[in-house]
Amino acid sequence: MSDRLNATPNDLRAFWMPFTANRQFKKEPRLFVSAKDMYYTTHDGRQVLDGTAGLWCVNAGHCRPKITEAIRQQAGELDYAPAFQLGHPKAFELANRLVDIAPEGMDHVLYTNSGSESVETALKVALAYHRVKGNGSRFRLIGRERGYHGVNFGGISVGGIVTNRKMFGTLLTGVDHMPHTHIPGKNAFTRGEPEHGGDIATELERIVTLHDASTIAAVIVEPIAGSTGVLIPPKGYLQKLRDICTKHGILLIFDEVITGFGRLGAPFAAQYYDVKPDIITTAKGLTNGVIPMGAVFVTSEIHDAFMQGPEHMIEFFHGYTYSGNPIASAAALATLDTYKEEGLLTRAAELSDYWADALHSLKDCPNVIDIRNTGLIGAIELDPIAGEPTKRAFTAFLKAYEKGLLIRTTGDIIALSPPLIIEKHHIDELFGKLREILQNNI
Ligand SMILES: Cc1ncc(COP(=O)(O)O)c(CNc2cccc(C(=O)O)c2)c1O
């Protein structure tokens with residue numbers, strides 16, 4: 001006899017939740033039942049200010065009419081179309097719109113269904129690119145300590161967050177990692193890019209010397225390392241990586257799943273920092289978080305390298321059932337329209353100083369050991385409770401939820417990334433609530 005659950009609507013047992021303390025959650029469920037603009041509504045009728053744009057993805061705010069209507073209309077017109085050897089107009093229209101806002105030279109787009117799939121796609125494009133160019137010896141992929149590139153095998157292999165890796169034994173071979181850029185105690189409470197530490201990029205030269213450039217396909221970094229707790233690149237660091245990759249013929253991949261679509265005050269971090277990668281991975285803000293979709297931007301140099309051989313032959317054996325899905329494409333087009341009409345791809349630049357002032361005003365709160373920010377991203381690093389790492393931040397998360405504020409925590413770091421439609425009074429509310437929590441010496 002199957003031990004299937006006799007589930008009732010309030011029975012939470014069957015769903016094994018991702019990246020969640022399932023037992024704690026299911027004892028004290030935290031359920032959102034609706035949302036609008038900057039606020040969620042909980043199952044018990046409370047308003048919760050969204051300090052994290054959901055999971056760094058609802059950049060335009062919740063339930064925006066243009067996006068909702070576009071999905072509704074598309075679902076009744078063309079629900080699904082294959083993208084293998086067939087297509088539908090919106091996938092091509094969207095690719096053109098994306099290329100228009102991308103850094104110059106990023107002329108082609110591959111679609112995926114998530115950030116993790118965007119990362120896998122980027123890594124495979126990089127490996128295949130060198131092969132079609134006759135450099136199949138370039139099999140290595142270089143990530144970075146504390147990097148987060150999703151949860152598939154490629155992303156976990158190049159990623160550098162130990163808790164995400166340690167359960168999975170040997171992952172991809174041929175992977176190495178650069179050191180992360182955070183120097184504890186140095187640069188503390190810096191606004192924007194840290195002054196010191198940019199020269200750590202030269203560690204990539206050491207890795208190239210160790211393996212020889214002829215074995216290295218690509219380097220992948222988040223311009224700002226988000227999931228690990230918001231590590232802002234030191235001045236000159238990203239350009240130094242670019243220079244080293246160019247010198248050795250190594251492709252540079254910017255993983256912009258978090259920094260893409262206006263988070264920093266420019267469409268992409270590549271424009272914000274004025275550093276040109278060869279590939280950019282995106283997801284999240286592409287559809288305002290409403291429909292799963294990712295996009296990988298590549299240069300014409302990469303794309304055109306595959307366009308060889310008999311024209312009846314498939315050039316790149318890769319893709320997904322839902323690549324460029326009609327409803328996801330419609331949601332993304334409406335999202336880009338919303339971003340454009342409301343200036344959301346650059347609005348973070350207008351608010352970044354007010355945001356930074358409010359964020360850094362918490363410097364005097366107990367147990368605050370660092371504060372970091374750029375654009376509309378913020379991080380408050382807390383001193384861990386001896387012997388109970390992560391507990392102080394998780395307590396802050398629970399108290400914030402009780403007070404009607406949604407924050408993210410990673411380790412003992414509070415991470416903040418509100419919708420880009422945030423107003424100054426929301427910023428005041430957000431940090432007023434956080435101050436109340438932190439000054440009670442949690
Ligand atoms: C840089 C980067 N790359 C890839 C992914 C994976 O995307 P998907 O989840 O769509 O497969 C991410 C996702 N980043 C992410 C996702 C969920 C939570 C948090 C957090 O830091 O709280 C961060 C990311 O931040």
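## Exercise 1: An open pocket

The second largest pocket holds about 1100 Å³ of space. Find the residues closest to its centre, the elements that line it, and the classes of its residues.

Before the solution, a word on the source. This is a predicted model, in which local features need pLDDT of at least 70 and side-chain atom pairs count only at pLDDT 80 or more, while totals for chains, interfaces and linings use all residues. Residues are numbered from 1 along each chain as its sequence is written, and side-chain values use heavy atoms, with hydrogens and water left out.

*Solution.* 

Step 1. Start at the centre: 35 residues line the second largest pocket, and A83, V109, L110, F316 and H318 are the closest to its centre. (On a 1 Å grid over the protein atoms alone, a pocket is an open set of points with protein on both sides within 12 Å along at least five of seven lines, a cavity is a set where a 1.4 Å probe fits but cannot get out, and lining residues have an atom within 4 Å of a point. Points are joined across faces, edges and corners, and the volume is the space filled by probe spheres set on them.)

Step 2. Two or more lining residues come from each of helix 4 (89-101), strand 4 (108-112), helix 5 (115-132) and helix 11 (300-306). Helix 4 gives the largest share, 5 residues. (Helices, H or I with at least four residues, and strands, E with at least two, are DSSP runs numbered from the N terminus.)

Step 3. Sort by class: the lining has 22 nonpolar, 11 polar and 2 charged residues. (Ala, Val, Leu, Ile, Met, Phe, Trp, Tyr, Cys and Pro count as nonpolar, Asp, Glu, Lys and Arg as charged, and the others, Gly among them, as polar.)

## Exercise 2: Around the ligand

Which residues are closest to the ligand?

*Solution.* 

Step 1. The ligand is surrounded by 15 residues, and G115, S116, S227, D255 and R408 are the closest. (A residue is near a molecule if one of its heavy atoms lies within 4 Å of it.)

Step 2. An N or O atom in the side chain of S116 is 2.6 Å from an oxygen atom of the ligand. For D255, a side-chain N or O atom is 2.7 Å from a ligand nitrogen atom. K284 has a polar side-chain atom 3.5 Å from a nitrogen atom of the ligand.

Step 3. Follow D255 into the strands: its bridge partner in strand 9 is T281. Strand 8 and strand 9 pair in the parallel sense over 3 bridges. (Two strands pair if DSSP finds at least two bridges between them.)

## Exercise 3: Strand 9 and its faces

Are the side chains I279, I280, T281 and T282 of strand 9 buried or exposed?

*Solution.* 

Step 1. In a regular strand, side chains alternate between the two faces of the sheet.

Step 2. In strand 9 (residues 279-282), I279 and T281 on one side and I280 and T282 on the other are all buried, and both faces are covered. (Buried means under 20% relative accessible area, exposed over 50%, and partly exposed in between, with a 1.4 Å probe and protein chains only.)

Step 3. Strand 9 also pairs with strand 10 (residues 294-298), antiparallel and over 4 bridges. There, V298 is the bridge partner of I279.

Key. A polar contact is a pair of N or O atoms within 3.5 Å; within protein, one must be able to donate a hydrogen and the other to accept it, and residues adjacent in sequence count only if both atoms are side-chain atoms.
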